[in-house]
Amino acid sequence: MKALQYRQIGAAPEVVTVPDPEAGPGQVLVKITAAGACHSDIAVMSWPAEAFPYALPLTLGHEGVGTVAALGPGVTGFAEGDAVAVYGPWGCGTCAKCAEGKENYCLRADALGIRPPGLGRPGSMAEYLLVDDPRHLIPIGGLDPVATAPLTDAGLTPYHAIKRSLPKLLPGSTAVVIGTGGLGHVAIQLLRAMTAARVIALDVSEDKLALARTVGAHEAVLSDARAAGVIRELTGGVGAQAVFDFVGAEPTVKTAAAVAAVEADISIIGIGGAALPVGFGLLPFEVSVSAPYWGSRGELIEVLDLARTGALSLHTETYSLDEAPLAYERLHAGQVTGRAVILPGG
Ligand code: NAD
Ligand code: ZN
Ligand code: ZN
């Protein structure tokens, strides 16, 4: 089969032919319909050899939707042809966190060498994906595969962060979304669907701000050194009760800190690597700062249920598998609107 692989440190990913995977005992083979391209893959492909944690070559893709192509011996509960979304942050399935469905916080994944598809294990940017266990599959019924693939990460990750802050997002509150790309443009819609908060979006270009407005941001503000002052002014000096930073770089965590209201939540989701010091007097009283990772299986089911209500309108650009390297080039250059989605079926 064809697969998009990152093969050599620093080189662009390539479409290559690899052996067709086969479902062993307990496994499910999924024929991929749609696979989303995440900015985290750009980060992975920028890591130096000495810090690279995975084996190469690596088939990319940690967002995926497809149809069940084959069930390994012993697998029940699915039939060939079922349309499924793949829950990506695989865990051991048996520890206390996995028992809660929070496989993203599995206590034993590292020790057991369990990795998500596309982030250590062969990923979804291929004609077929081998899934270790049917519990990683969520039936999607009639949902559109292209719009649904990004929900497994670009939807699930902001959903998890927003859900945690719901008690603070009361009527009259303000939520700030920094970075309105793949994750951020879904975050704005989730905030609109799940809360009565006023949503202020920040990004660096007029195109991205236009997308933010289209998907429901009440205000869209250029992300520069003046942004914090603009947000303070828009909130009558109070600031935002929740800030979701989908960049996580020095200037954006600074903005996040500068716009946080008393008792605000700041979620640093972008992996830009910047730190935000917490200590008495450094931030407004009782601000919580956290760096969440992905979401739980139950939350993915909730995101898909929300999608079924029609509340989410994903903006996607589609590419064939052969064009996937171009999708990553465009993502790297900041040229993708919403999410780039690869269609391995052509
Ligand atoms: P993306 O490229 O689609 O979107 C990023 C957006 O941020 C773009 O619109 C870009 O213009 C904007 N941006 C860049 N610099 C900015 C600045 N200084 N101020 C405001 N906006 C700025 O990326 P994505 O796929 O949505 O991923 C966003 C981030 O989240 C990445 O760092 C990615 O690695 C990370 N991520 C984290 C998790 C997690 O579980 N924590 C999961 C998925 C992705
Ligand atoms: Zn991702
Ligand atoms: Zn576990």
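The shell around ligand 1 holds 13 nonpolar, 10 polar and four charged residues. Here Ala, Val, Leu, Ile, Met, Phe, Trp, Tyr, Cys and Pro count as nonpolar, Asp, Glu, Lys and Arg as charged, and the others, Gly among them, as polar. This is a predicted model: local features need pLDDT of at least 70, side-chain atom pairs count only at pLDDT 80 or more, and totals for chains, interfaces and linings use all residues. Residues are numbered from 1 along each chain as its sequence is written, chains are lettered from A and ligands numbered from 1 in the order in which they are written, and side-chain values use heavy atoms, with hydrogens and water left out.

In total, 27 residues surround ligand 1, each with a heavy atom within 4 Å of it. The closest are His39, Ser40, Asp203, Ser223 and Arg339. Polar contacts (pairs of N or O atoms within 3.5 Å) come next. A side-chain N or O atom of serine 40 lies 2.7 Å from an oxygen atom of ligand 1. A polar backbone atom of glycine 181 is 3.4 Å from an oxygen atom of the ligand. Isoleucine 269 places a backbone N or O atom 3.1 Å from a ligand nitrogen. Taken alone, ligand 1 exposes 860 Å², and the protein buries 87% of that; these areas come from the Shrake-Rupley method with a 1.4 Å probe.

Which elements give two or more residues to this shell? They are helix 1 (39-44), helix 6 (182-194) and strand 10 (198-203). Helices (H or I, at least four residues) and strands (E, at least two) are DSSP runs, numbered from the N terminus.

Now the domains. The assignment, automatic or from a database, gives domain 1 (2-153 + 295-343) and domain 2 (156-290). Both give residues to the shell, so ligand 1 lies between them. Their centres, taken over C-alpha atoms, are 27 Å apart. Across the boundary, 24 residues of domain 1 are in contact with 20 residues of domain 2, contact meaning heavy atoms within 4.5 Å.

Three of them form an open antiparallel sheet in the order 2-1-4. Strand 2 (14-17) and strand 4 (58-59) are the edges, each with a single partner strand, so one side of each has no neighbour in the sheet. Strands pair if DSSP finds at least two bridges between them. Strand 1 (residues 2-6) and strand 2 are joined by four bridges. Alanine 3 has valine 16 as its bridge partner in strand 2.

Strand 6 (residues 83-86) runs antiparallel to strand 5 (residues 63-71), with three bridges. Threonine 67 faces alanine 83 there. Strand 6 also pairs with strand 8 (residues 137-139), antiparallel over three bridges. In that pairing alanine 85 stands opposite isoleucine 138.

How values were computed
Polar contact = N/O pair within 3.5 Å; in protein donor to acceptor, adjacent residues only side chain to side chain.
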